[in-house]
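Subject: Structure handover

Hi,

Here is the structure I promised to pass on. My notes follow below it.

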Amino acid sequence: MSGEPIKPHRGDVSAQAGGAVPQAGTSTAEDIAAFVAKARALSPHAPGAKGRLIFALDATMSRQPTWDMACALQADMFRETAALGSLDIRLVYYRGLNECRATGWISDSTRLAALMSKIDCRGGDTQIGKVLTEARREAVASGVRAVVFVGDAMEEKVDELCVKAGELGMLKVPVFVFQEGHDVVAEQAFREIARLTGGAWCRFDPGAAAQLRELLQAAAAYAAGGREALLRLAKTASGAARLIGQMK
């Protein structure tokens, strides 16, 4: 990575060499009830609450063209929410051998672009489970309105991902999964993650900046203004219509 490395937030996304994530213990019914109650108390959906969006990207080697495209488009997410209120975005990405990192919360598109420009894609397996675990931790700790995940592959145990997605669904945190390409295994997993969280799955064509821009803008509108904002946007933007058509 060129420049200064992005420092991950302490928690499930690790800064340690190799990026090893501590193993979580088995959740009891009481544990689950406790984190759901805490998350609801911190709900970002309360009137006047600041929108918070986790922007998660696969940064393995095949993703470099899309990473560059996302760097160019990320400011559009902030612009879409200007009339709806403020938006904080937290970038989470994985790459290489067990490297999964996250930024702090960012409210400025210029700063986010600068951080993303320092990251280069590296070969490795997918680590979607870590992204979902981090989203759950942050949802309980400080409130998250939505998660965006952009990727093209899934190389993990789908049942384990579904458990994590189900926990996010209990916390009312939808995951908007934007898939590049036509990998069938990935599509099956991505659709199920979206369904279990009350989110949406959409495909965009490789290199299709306009398609991805619309989807990112729609997700940002939801994060900043909730379902009502997405419904209003859906009247004029096909990306928003695609999302709202799937959400529970």
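The largest nonpolar core has 45 residues, and Phe55, Trp67, Phe176 and Phe178 touch the most other members. Helix H7 (residues 209-234) gives the most to this core, with 11 residues. Keep in mind that this is a predicted model.

Take Phe178 from that group. Setting aside neighbours within four places in sequence, Phe178 is in contact with a list of residues that includes Val148, Phe149, Val150 and Gly151. Cys202, Phe204, Leu212, Leu215, Leu216, Ala219 and Leu243 are also among the contacts of Phe178. Another core lies apart from the largest one. That other core has 30 residues, among them Ala102, Ala135, Leu168 and Ile193.

Overall layout next. The chain has 8 helices and 6 strands. From the N terminus, the order is α-β-α-β-β-α-α-β-α-β-α-β-α-α. The chain has 248 residues, and 54% of them count as buried. Among contacts with a separation of 6 or more, 78% are between residues 24 or more positions apart.

Now the charged pairs. Side chains of opposite charge can pair when their charged atoms come close. The structure holds 18 salt bridges. Three of them are worked through here.

1. Glu134 and Arg90 form a salt bridge, with the closest N and O atoms 2.4 Å apart. This pair links distant parts of the chain: Glu134 sits in helix H4 (residues 128-142) and Arg90 in strand E2 (residues 87-95), 44 residues apart.

2. Glu99 and Arg122 form a salt bridge, with the closest N and O atoms 3.9 Å apart. This pair also links distant parts of the chain. Glu99 is in strand E3 (residues 99-102), and Arg122 is in the loop between helix H3 (109-117) and H4, 23 residues apart. Glu99 is buried because its relative accessible area is 12%, under the 20% cut-off. Arg122 has 31%, so it is partly exposed.

3. Glu192 and Arg195 form a salt bridge, with the closest N and O atoms 2.6 Å apart. Both lie in helix H6 (residues 184-197), 3 residues apart, or about one turn of the helix. Glu192 is partly exposed, with a relative accessible area of 26%. Arg195 is at 43% relative accessibility and so counts as partly exposed.

Some bridges share partners. Salt bridges of this kind join Arg95, Glu99, Arg101, Asp120 and Arg122 into one network.

Last, helix H5 (residues 158-170). How far apart should its ends be? H5 has 13 residues, and at 1.5 Å a residue it should span 18 Å. Buried residues in H5 are Leu161, Cys162, Ala165, Glu167, Leu168 and Gly169. Leu168 is also one of the residues in the 30-residue core. Just after H5, Lys172 takes a positive phi of about 60°.

Over to you.

Notes. Residues numbered from 1 in each chain as written. Predicted model: local features only at pLDDT ≥ 70, side-chain atom pairs only at ≥ 80, totals over all residues. Heavy atoms only, no water. Salt bridge = Lys/Arg side-chain N within 4 Å of Asp/Glu carboxyl O. Helix = DSSP H or I, 4+ residues; strand = E, 2+ residues; numbered from the N terminus. Buried < 20%, exposed > 50% of the residue type's maximum accessible area, 1.4 Å probe, protein only. Contact = heavy atoms within 4.5 Å. Expected span 1.5 Å × (residues − 1). Core = buried A, V, L, I, M, F, W, Y, C linked by side-chain atoms within 4.5 Å.
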